[in-house]
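Hello,

Please read them with the coordinates open.

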Amino acid sequence: MQDRAITAEKLTKKFGDFTAVDQISFEVSKGEIFGFLGANGAGKTTAMRMFCGLSLPTSGVATVGGFDVYSENEKIKNSIGYMSQRFSLYDDLSVIENIRFYAGIYGMSSKAIRVKAEHILKGLELEAEKNMLVGSLPLGWKQKLAFSVAIFHEPRIVFLDEPTGGVDPITRREFWQLIYEAAGEGITVFVTTHYMDEAEYCNRVSIMVDGRIEALDTPTGMKKHMGVGSMNEVFLQLARKATRTEN
Amino acid sequence: MSKLGVILSKEFRQIIRNPAIIRLIFIMPVIQLLVLPNAADYEIKNINLQVTDHDHSALSRRLIDNISATGYFKVIGYGSDRNQAMVAIEKDKADLILEIPHNFERDLIREESARLMLAVNAINGVKASLGGAYLNNLLRQFNGDIRTEWLQPDRLQKPFSITTTFTNWFNPGMNYKYFMVPGILVLLLTMVGMNLTAINIVREKEIGTIEQINVSPIKKHHFILGKLIPFWVLGLVVLTIGFLIARLVYGIVPLGAYWTIYVFAAVYLLVILGMGLLVSTFSATQQQAMLVSFFIMMIFILMGGLYTSIDSMPEWAKWITRINPVTYFIEVMRRVVLKGANLGDVTKELSIILGYALLVNGLAILSYRKRS
């Protein structure tokens, strides 16, 4: 258990008659970058929300950071970071105010926040924009900032839900550099994406189709197994089986 | 800084940066307190009176002069054609028709009795019945006046009459503004408090930041307190602005102590903010929250005893007013402002509102879920 960051065993979520996530089972090791792929409506976000404690599973077992998702929800929250599909910083607060707020609700001291904020802003080259309202920053910068905020309190695991949606290729590459840096510091990264080139950056990927995990392997292993040249083709072959449309 | 402090500083910053909120809390009290007390008045004035005079005598003209001199009636037409008068009432131009028959003066002098006809346009029931009653009163007075004039020489036959003299307690000038302004202050507080709270939380849902907060280890009560305290402070600011206007514009200074009102308002705001919170937990969008809180406020305001008297409501409606927090605050506000009540005089209302606050906020905390 100790080297497992996330475990899921027949994890299921139903909304009435609709089974959004259907008995998924997998494990994510500590320090791993785990890509969680699937078409729109495949159930990726729902699964992620269960791990983050935003949604209660219908059945199955799951642990995050060694804590049970049913009973140790609040303990999980102390050890994870989360960046949702929707942009999640406050547009009407400045860069530094957003950092102070999110770090503050994790109980970090003002001094620790100040020291770390300086370091982070330097890395993001946002020192000059520190007091600008986040609403006035370009989207790419906002996304990088949102990621830095999500891991500011040094969580053990970070969940990223389509973090690079709508971002230009250069920024996406910079964003993945940030992800690698975080992984280098020992943070487990659980990331959903639609970009198959990003899937190649992951240590292992799973592909969800209609609420079930259809494939789980390293990108290289997956391509070899399917006998195709790129993750794109892997994805197309699997996702084509889907009967469910976007919900 | 404590976690609550972190949330509070964020909320206050956001409020200060939101020009809509700042405008709302300053402009709304000003407009409402300047317009409503002057417009919303129970006294019926400007009753449109159409006169059909078949007599054209000195006495009939004197009667009409008497009526128009009161200021309550506006003689909008004078003629001797009954049909013309009916048209005026049909077109809603006239509220009342006074018909003075032929030989009105002669009959009154010779036979000592005369008949007048009063037709009432009862579409606006209040205006019609009050107008009819005013006019009846005037006619009786007129009657008394001319009888005493004519019977002057014969003192023995002077008719008996009972006259009533009024003493108006608590509002000697019968100034309606004294009655309306405290009530309007309550409405202001209610509207500002409920709407702002409901919209604020739903807005976090809409932009998605609430998820970011829900994945954090923040405690539910910290989050809720962090949301309530800023609007609680804003509510008291609105009340203060309201009292300033009441004092400067209408010269209304509570007979009782300001702090009695503030203590009550502080508890009352908890009820209203808790309701806003409750609305927000059940709404997904700002429009939804607006509509629901608008609906609740409509009922609260119309059944709060400001625009309609609770005493004349049917029994079942009185029950609704008893669960309406607005009723209690308007009642307490009037008692403190006009009668000089102190905290001891309003303990019953205060404990009801306190119970209400605990109930509503308890429900709000229970129904706010970090996990769905």
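Chain A and chain B bury about 2700 Å² between them, with 51% of it on carbon and sulfur atoms; buried area here is the accessible area (1.4 Å probe) lost by two parts on being put together, summed over both. On the chain A side, L54(A), Y90(A) and I105(A) lose the most area to chain B, together 23% of what that side buries.

On conventions: this is a predicted model, where local features need pLDDT of at least 70, side-chain atom pairs count only at pLDDT 80 or more, and totals for chains, interfaces and linings use all residues. Residues are numbered from 1 along each chain as its sequence is written, chains are lettered from A and ligands numbered from 1 in the order in which they are written, and side-chain values use heavy atoms, with hydrogens and water left out.

Interface. Contact (heavy atoms within 4.5 Å) involves 34 residues of chain A and 26 residues of chain B. The rule finds 4 salt bridges across the interface, a salt bridge being a side-chain nitrogen of Lys or Arg within 4 Å of a carboxyl oxygen of Asp or Glu. R203(B) and D92(A) meet through their side chains in a salt bridge at 3.7 Å, N to O. On chain A, the elements giving two or more residues to the side that touches chain B are α2 (73–79), β6 (80–83) and α3 (95–105); helices (H or I, at least four residues) and strands (E, at least two) are DSSP runs, numbered from the N terminus. The largest share, 6 residues, comes from α3(A).

Cavities. There are 3 cavities of 30 Å³ or more. A cavity is a set of points on a 1 Å grid over the protein atoms alone where a 1.4 Å probe fits but cannot get out, and lining residues have an atom within 4 Å of a point. Grid points are joined across faces, edges and corners, and a volume is the space filled by probe spheres set on the points. The largest cavity holds about 60 Å³ of space. Its lining includes Y102(A), H153(A) and, from chain B, Q212(B).

R172(A) lies in helix α6 (residues 169–184) and D197(A) in helix α7 (residues 196–201) of chain A, so the pair ties together parts 25 residues apart in sequence.

Regards

Terms used
1 Å grid on protein atoms, 1.4 Å probe; cavity = no way out; pocket = protein on both sides within 12 Å on 5 of 7 lines; lining within 4 Å.
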